[in-house]
Amino acid sequence: MPFGIPPGAVMAFSGKIADPDADGPADFETLIETYGWMVCDGRQLDAEDYPLLYQVIGLQYNKGLEPEGVFRLPDYRGYILCMTDMNSGNDPEAKARQRANGRPGSDVGTIQQPVGLAALRNGITTHPGNIYVYYIIKFI
């Protein structure tokens, strides 16, 4: 039976993240890629270089302009993550979401456009204050 964290798992990371192209991590920074993690920043990757991650997420986050054999990481910068509705009916706006390529959908990786300030003031959407972290994805 497999053990450990599977490729494609996403978690919040509250440490500082070093630039992988730098000479080395600065004080209190971590090179997360040496631990098998990457920031969910929407970058393009070669499927041959990351076969396990590609097998899990495939072309889910592609915008439709990527070359053959290339896939994208999810880009979670600036988003609040929510679990998919899974056709439970708990999220009345589930059908209003769209995929990275602009097509409608309500599955993993779909995006709900931000609610305007007027809607927030009228009490349509409320949530507690935000605290910011990196979202990282396991690639091995």
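R99 counts as partly exposed because its relative accessibility is 29%, where partly exposed covers the range between buried (under 20% relative accessible area) and exposed (over 50%), judged with a 1.4 Å probe and protein chains only. R99 forms a salt bridge with D107, the closest N and O atoms being 3.4 Å apart; the term denotes a side-chain nitrogen of Lys or Arg within 4 Å of a carboxyl oxygen of Asp or Glu. D107, at 31% relative accessibility, is likewise classed as partly exposed. The model is a predicted one, in which local features need pLDDT of at least 70 and side-chain atom pairs count only at pLDDT 80 or more, while totals for chains, interfaces and linings use all residues. Residues are numbered from 1 along each chain as its sequence is written, and side-chain values use heavy atoms, with hydrogens and water left out.

Six salt bridges are found when the whole structure is searched. In one of them, the side chains of D91 and R97 meet with an N to O distance of 1.9 Å; D91 is partly exposed, with a relative accessibility of 25%, whereas R97 counts as buried at 12%. Another joins the side chains of D41 and R43, at 3.0 Å from N to O, and R43, at 26% relative accessibility, is partly exposed. These two residues also belong to a network of salt bridges that links E33, D41 and R43. Side chains of opposite charge can pair when their charged atoms come close.

The protein chain contains two helices and seven strands, which are DSSP runs numbered from the N terminus (helices: H or I, at least four residues; strands: E, at least two). Along the sequence, these elements follow the pattern β-β-β-β-β-α-β-α-β. Of the contacts in the protein chain with a separation of 6 or more, 60% are accounted for by residues 24 or more positions apart, a contact being defined by heavy atoms within 4.5 Å.

Buried residues make up 26% of the 140 residues in the protein chain. In soluble globular proteins, nonpolar side chains tend to be buried together.

N62 lies in the loop between α1 (51–57) and β6, and with a relative accessibility of 10% N62 counts as buried. A polar atom of the N62 side chain lies 2.8 Å from the backbone nitrogen of R72. Beyond its neighbours within four places in sequence, N62 is in contact with V70, F71, R72, A100 and N101.

Y79 is found in the loop between β6 (70–72) and α2 (117–121), and its relative accessibility of 37% makes it partly exposed. Together with V10 and L81, Y79 forms a nonpolar patch on the surface, with about 220 Å² of accessible area in all.

Conventions. Patches are made of residues with over 30% relative accessible area and no salt bridge: like charges are joined within 9 Å, nonpolar side chains (Val, Leu, Ile, Met, Phe, Trp, Tyr) within 5 Å. Accessible areas come from the Shrake-Rupley method with a 1.4 Å probe; for residues, only the protein chains shown count as cover. A polar contact is a pair of N or O atoms within 3.5 Å; within protein, one must be able to donate a hydrogen and the other to accept it, and residues adjacent in sequence count only if both atoms are side-chain atoms.
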